[in-house]
Amino acid sequence: MGWSYRKSLRKGPFRLNFSKRGVGHSVGVRGARYSRSADGRREMTFRIPGTGLSWRRPLRRRD
């Protein structure tokens, strides 16, 4: 197994995620978040706090 790296910085509803692949970002509130990964993938995540239940939806690129 190889080495990995991940670091996250938060400022209010904004989050910067640093990894070996690059920098991603996300924004949201408790229960809902929009994320964009370092490789360009986008997704929406909805969670029910305290239950461990979540739903993710990948977002397609606009043409």
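Trainee: What does Asp39 count as at 40% relative accessibility?

Mentor: This is a predicted model, in which local features need pLDDT of at least 70 and side-chain atom pairs count only at pLDDT 80 or more, while totals for chains, interfaces and linings use all residues. Residues are numbered from 1 along each chain as its sequence is written, and side-chain values use heavy atoms, with hydrogens and water left out. Buried means under 20% relative accessible area, exposed over 50%, and partly exposed in between, with a 1.4 Å probe and protein chains only. At 40%, Asp39 therefore counts as partly exposed.

Trainee: Which residues are linked with Asp39 in a network of salt bridges?

Mentor: A salt bridge is a side-chain nitrogen of Lys or Arg within 4 Å of a carboxyl oxygen of Asp or Glu. Asp39 meets this criterion with Arg21, where the closest N and O atoms are 3.6 Å apart. Asp39 also forms a salt bridge with Arg41, at 3.2 Å between the closest N and O atoms. The residues linked with Asp39 in the network are Arg21 and Arg41.

Trainee: How many residues apart are Arg56 and Glu43?

Mentor: The side chains of Arg56 and Glu43 meet in a salt bridge, with N to O at 3.7 Å. This pair links distant parts of the chain: Arg56 lies in strand 6 and Glu43 in strand 5, and the number of residues apart is 13.

Trainee: Is Arg56 buried or exposed?

Mentor: The relative accessible area of Arg56 is 58%. Because this value is over 50%, Arg56 is exposed.

Trainee: How many strands are there in the protein chain?

Mentor: Helices (H or I, at least four residues) and strands (E, at least two) are DSSP runs, numbered from the N terminus. The elements run β-β-β-β-β-β from the N terminus on. There are zero helices, and the number of strands is six.

Trainee: Which residue in the turn between strand 4 and strand 5 has a positive phi?

Mentor: Two strands pair if DSSP finds at least two bridges between them. Strand 4 and strand 5 pair in the antiparallel sense over five bridges. They form a hairpin with five residues between them, and the turn residue with a positive phi, about 100 degrees, is Gly40.

Trainee: Which residue in strand 4 is the bridge partner of His25?

Mentor: Strand 3, residues 22–29, pairs with strand 4 in the antiparallel sense over five bridges. In strand 4, the bridge partner of His25 is Arg36.
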